[in-house]
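Hi there,

Here is the structure I promised to pass on. My notes on what turned up follow below.

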Amino acid sequence: MAKAALLVLLLFLYLTSGENLGMASSSEQKTWCVAKPSSDQATLLANINYACSHVDCRIMQKGCPCSTPDNLMNHASIAMNLYYQFKGRNIWNCDFRNSGLIVLTNPSYGDCIYA
């Protein structure tokens, strides 16, 4: 029984790796984490506080490239992405109690470059 379970697990890992079909693995595709547009203000503020307690969010300070537009949605997206990138771009690092969204399109704008 244990051998069968191990074989099933190995087959699953092989099939989901993408390498057997010549596909790029998910770790090769660049992704970003942003706040869901439906997130409320309290959630966005909590996300900023949480992310910035773990990563350096100075890029959002007044006069820095990502300080404008000066609103919670923008700042939460920047903070959440900084955290997501720092933690290794894992799906669970963009959850933020289901208020994060992983995107494939680079959200950078002007001089504000999302890492």
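A word on burial to begin: I call a residue buried under 20% relative accessible area, exposed over 50% and partly exposed in between (1.4 Å probe, protein chains only). Please keep in mind that this is a predicted model, where local features need pLDDT of at least 70 and side-chain atom pairs count only at pLDDT 80 or more, while totals for chains, interfaces and linings use all residues. Residues are numbered from 1 along each chain as its sequence is written, and side-chain values use heavy atoms, without hydrogens and water.

Now the cysteines. The structure has three disulfides, a disulfide being a pair of cysteine sulfur atoms within 2.5 Å. If you number the bonded cysteines in sequence order, they pair as 1-5, 2-3, 4-6.

Cysteine 52 is bonded to cysteine 57, with 2.1 Å from S to S, and the link is left-handed at -100° about the S-S bond. Cysteine 57 counts as buried because its relative accessible area is 11%, whereas cysteine 52, at 27%, is partly exposed.

Cysteine 33 is joined to cysteine 94, S to S 2.1 Å. Since cysteine 33 sits in strand β1 (residues 32–35) and cysteine 94 in the loop between α3 and β2, this pair ties together parts 61 residues apart in sequence. Helices (H or I, at least four residues) and strands (E, at least two) are DSSP runs, numbered from the N terminus. Both cysteine 33 and cysteine 94 are buried, and their link is right-handed, with 85° about the S-S bond.

The disulfide of cysteine 66 and cysteine 112 has an S to S distance of 1.9 Å. Cysteine 66 lies in the loop between α2 and α3 and cysteine 112 in the segment after β2, so parts 46 residues apart in sequence are tied together. Cysteine 66 and cysteine 112 are both buried.

Rings of Phe, Tyr and Trp (its six-membered ring) pair if their centres lie within 6.5 Å; planes under 30 degrees apart are stacked, over 60 edge-to-face and the rest tilted. Tyrosine 50 and phenylalanine 96 make an edge-to-face pair, 6.4 Å between centres and 80° between planes. Tyrosine 50 is in helix α2 (residues 41–52) and phenylalanine 96 in the loop between α3 and β2.

Happy to talk it through!
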